[in-house]
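Here is a short briefing on a predicted model. Look at the chains first, then read the points below.

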Amino acid sequence: MRYVDEFRDPALARALIREIEALAARMERGRDRPFAIMEVCGGHTHAIFRYGLEGLLPDIIEFVHGPGCPVCVLPMGRVDDCVAIAERPEAIFATFGDAIRVPGSRKSLLTAKAEGADVRTVYSPLDALALARRNPEREVVFFGLGFETTMPSTALTVLRAAREGIENFSIFCNHITIIPTLRALLQTQELGIDGFIGPGHVSMVIGTEPYRFIAEEFGKPMVVSGFEPIDLLQSLLMVLRQLDDGRARIENQYARVVPEAGNERAMAAVAEVYETRPAFEWRGLGSIEHSGVRLREAYARFDAERRFAVPEISIADPDACRCGEVLTGKLKPWGCPMFGTTCTPETPLGALMVSSEGSCAAYFQYGGMRQAKLEGAA
Amino acid sequence: MCLGIPGRIVGIVDEEAMLATVDVSGVRRSVDVVCVAPPDGPLADLVGAWVLVHVGFAMSLIDEEEAAATLKVLAEIGEADAEIEAIRASGAEAAPAH
């Protein structure tokens, strides 16, 4: 496939790895711990594991898997709200496939579906809108979640519904924004991150300018990256070169998709439909100010939270779960007593085990257990 | 969910509704092209363009020149590597130790 195959070339990957090795060998002097590089986006986490990149790189580099999996950071209480809406007899609850198995305090959407709720998996919010057109007697609710990558798609769908005068369509909005989240993360005292691999598809929407504070206020380099193995290796090399030179800049490896200015029309749709919430609750991270959005008053009729009474109960994560520490990179998944024992992709306790973009699921699926064993033996 | 995939716009479904048909590895579907529509000029100008498709929306026009530029940088790394490999294979002396 064009624009994909070129970025999976094994010969190029080998050349990049050798280049990284040579640079790392030079940098090793004087360092008493590995460089911790956080990939913010869950899509990157998935790619790093899928291609086994961690095992190919010198020990001096350690990936820290960031909070960028929107399914994983959704608190249990919000899942309970979804289930409450889905169980209304008039509702058709439409969701992306990776959210259907996230556990709530009582059940997941999948369990609700098995018990008779009309829960449908869709590829696009446009498909949820089509469901509303075809079922005028039902209430179609779309589970809107994701960072800025997905936000324009739900905003544009709301605008489309408004234009067409569709009355039986609404969004249960759980969208979150990346910048306040990164700032909160950077303000964490114990955060030992040396540099960042920036989210490619969030950046195609917001551009690269909003990240400047990471370099200017916190002195950390960031390279916005594509999702193929060559993209990730090249981005890593660019981060290491900055660290080697003592520079901190925002660079863009993924310029074929990410314009520096982002996408103006996508941002305009987001600004038209959404406003910032005072705070939003994250699983494992607690409440982060201004990190979530909701529909503006002008689009209240498309807001499932206003149309249906939802319980809105805050539910604490299970005591034994260490999701928060894994999310902030303080703990590797295998350091959690539940990992791979009571918490597995088949029966997840924590959300990081649910989505293929979650770091626990990635460790479980792609051999993180092996590393745990090696580490245990050492 | 945050992943997208490159596809090529092969036809316009509805100019007014800003919908076009995209071909992703032989699979076709209708996508919203509001975010990549030409500022002035007909939607038909998009036919043949490569776009990044995410949850039914064309979110970015893929910049062919930028893709070529990235690949060129990568190819240079590959070439330098091959060159060094060739020198090594030719039985070059090890660099003097300091």
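What distance separates the centres of domain 1 of chain A and domain 2 of chain A, taken over C-alpha atoms? The distance is 19 Å. This is a predicted model: local features need pLDDT of at least 70, side-chain atom pairs count only at pLDDT 80 or more, and totals for chains, interfaces and linings use all residues. Residues are numbered from 1 along each chain as its sequence is written, while chains are lettered from A and ligands numbered from 1 in the order in which they are written.

**Two domains in chain A**

- Chain A is divided into domain 1 (1–317) and domain 2 (323–377); these bounds come from an automatic or database domain assignment.
- In chain A, 28 residues of domain 1 are in contact with 19 residues of domain 2 (contact: C-beta atoms, placed from the backbone, within 7 Å).
- On the domain 1 side, α2 (42–50) and β2 (61–68) of chain A each give two or more residues (helices are DSSP runs of H or I with at least four residues, strands are runs of E with at least two, numbered from the N terminus).
- α2(A) gives the most to that side, with six residues.
- That side of domain 1 holds 14 nonpolar, eight polar and six charged residues (nonpolar: Ala, Val, Leu, Ile, Met, Phe, Trp, Tyr, Cys and Pro; charged: Asp, Glu, Lys and Arg; polar: the others, Gly among them).

**Where chain B touches chain A**

- 27 residues of chain B are in contact with 42 residues of chain A.
- β4 (50–54), β5 (57–61) and α1 (64–89) of chain B each give two or more residues to the chain B side.
- α1(B) supplies the largest share, eight residues.
- The chain B side has 16 nonpolar, seven polar and four charged residues.

**The nonpolar core**

- The largest nonpolar core has 143 residues (a core is a set of buried Ala, Val, Leu, Ile, Met, Phe, Trp, Tyr and Cys residues joined through C-beta atoms within 7 Å; buried means 20 or more other C-beta atoms within 10 Å of the residue's own).
- A:Ala86, A:Phe93, A:Ala94 and B:Ala58 touch the most other members.
- Domain 1 and domain 2 of chain A each give this core at least three residues.
- Beyond its neighbours within four places in sequence, B:Ala58 is in contact with several residues, including B:Val22, B:Val31 and B:Asp32.

Notes:
Two residues are in contact if their C-beta atoms, placed from the backbone, lie within 7 Å. A residue is buried if 20 or more other C-beta atoms lie within 10 Å of its own, exposed if 12 or fewer, and partly exposed in between; C-beta atoms are placed from the backbone.
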